[in-house]
Amino acid sequence: MRLKNLNSFFVRFGMAASCSTTRNTFLYNFVFIVLNLVLAVLVALLINEIKDKAISRFYQSTFLLPHIISMVVVAYLVYSFLNVDSGLVNRLLIHWFGSEAVSWYGEPKYWPYILVIVNAWKNVGYLSIIYFASIIGIDKEYYEAATIDGATKWKQMSAAGFYQSVVCLVLILVANTAVRRINKRDALF
């Protein structure tokens with residue numbers, strides 16, 4: 001009876017606070033999943049369009065770097081960008097627009113945007129490489145057929161690349177779920 005445990009959670013921590021916390025957790029995770037998925041697939045499609053392998057590998061390495069960096073280092077980088085006195089963002093706001101410095105960390109209204117942007121910056125690169133690996137497996141005949149049919153480059157990417165990558169995405173999710181059931185440490189995410 002898991003609902004019994006959930007009810008004791010709400011009673012123990014106060015109904016209002018725990019409802020707000022649970023709602024925020026679900027909403028943030030929904031936004032993280034949707035935004036990261038959309039951005040990662042778009043980045044993977046764009047990397048697929050780079051024909052020079054050296055440049056493509058450079059971009060893959062560059063996009064993977066934020067995922068490798070520790071969250072403590074990421075938090076410090078964000079703090080250095082958003083600091084009221086010496087942050088890069090405030091310096092640019094004051095220099096370019098002549099506006100007042102903004103206390104990004106001090107006001108709660110900015111935190112949802114900061115959390116979403118930092119999460120996307122940290123995870124989109126890693127996910128895009130996984131989706132890029134699935135796009136590489138798409139047969140080139142789909143692209144050739146789209147070219148013969150008169151499709152523009154965007155139509156080729158969206159028709160052949162996107163739809164085939166959705167099929168690969170579903171296969172990755174199913175395989176990851178199976179691996180997670182066997183051994184959680186070996187799962188991709």
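Helix α3 covers residues 53-68 and contains 16 residues. Its first and last C-alpha atoms are 22 Å apart, close to the 22 Å expected at 1.5 Å a residue, where the expected span is 1.5 Å times one less than the number of residues. Helices (H or I, at least four residues) and strands (E, at least two) are DSSP runs, numbered from the N terminus. The model is predicted: local features need pLDDT of at least 70, side-chain atom pairs count only at pLDDT 80 or more, and totals for chains, interfaces and linings use all residues. Residues are numbered from 1 along each chain as its sequence is written, and side-chain values use heavy atoms, with hydrogens and water left out.

- Ser56, Gln60 and Pro66 are the buried residues of α3; buried means under 20% relative accessible area, exposed over 50%, and partly exposed in between, with a 1.4 Å probe and protein chains only.
- Viewed down the axis of α3, these buried residues fall within an arc of 120 degrees, so they line one face of the helix; the arc is that of the directions from the helix axis to the C-beta atoms.
- The other side of α3 carries the exposed residues Ala54, Arg57, Phe58 and Ile68.

**Helix α4 and its cover**

- Val74, Val78 and Leu82 are the buried residues of α4.
- They cover an arc of only 60 degrees around the axis, which puts them on the same side of α4.
- Val72 and Tyr76 are exposed on the other side of α4.
- Helices α5 and α6 are among the parts that cover the buried residues of α4.

**The chain as a whole**

- The protein chain has eight helices and zero strands, and its elements run α-α-α-α-α-α-α-α from the N terminus on.
- Of its 189 residues, 28% count as buried.
- Contact means heavy atoms within 4.5 Å; among contacts in the protein chain between residues at least 6 apart in sequence, 55% join residues at least 24 apart.
- The accessible surface of the protein chain is about 13,500 Å², and 69% of this belongs to carbon and sulfur atoms; such areas come from the Shrake-Rupley method with a 1.4 Å probe, and for residues only the protein chains shown count as cover.

**Nonpolar cores**

- A nonpolar core is a set of buried Ala, Val, Leu, Ile, Met, Phe, Trp, Tyr and Cys residues joined through side-chain atoms within 4.5 Å.
- The largest nonpolar core has 15 residues, of which Ala40, Ala44, Val124, Tyr131 and Ile135 touch the most other members.
- The elements giving two or more residues to this core are α2 (15-48) and α6 (111-136).
- Beyond residues up to four places away in sequence, Ala40 touches Val124, Leu127, Ser128 and Tyr131.
- A second, separate core has nine residues, including Val74, Leu82, Trp104 and Val118.
- In soluble globular proteins, nonpolar side chains tend to be buried together.

- Asn48 lies in helix α2 and is buried, with a relative accessible area of 11%.
- Apart from neighbours within four places in sequence, Asn48 is in contact with Phe132, Ile135 and Tyr143.
- Val116 belongs to helix α6 and counts as buried at 19% relative accessibility.
- Val116 and Phe32 are 84 residues apart in sequence, while their C-alpha atoms are 6.5 Å apart in space.
- Not counting residues up to four places away in sequence, Val116 touches Val31, Phe32 and Leu35.

**Aromatic pairs**

- Rings of Phe, Tyr and Trp (its six-membered ring) pair if their centres lie within 6.5 Å; planes under 30 degrees apart count as stacked, over 60 as edge-to-face and the rest as tilted.
- By this rule there are six aromatic pairs.
- The rings of Tyr79 and Tyr105 have centres 5.3 Å apart and planes at 80 degrees, so this pair is edge-to-face.
- Tyr79 lies in helix α4 (residues 71-82) and Tyr105 in the loop between α5 (88-97) and α6, so the pair ties together parts that are 26 residues apart in sequence.
- Tyr79 is partly exposed at a relative accessible area of 38%, and Tyr105 is partly exposed at 33%.
- Tyr105 also forms an edge-to-face pair with Trp111, at 5.0 Å centre to centre and 65 degrees between the planes.
- Trp111 counts as partly exposed, at 27% relative accessibility.
- Phe58, Tyr59 and Phe63 are linked into a cluster by ring pairs.
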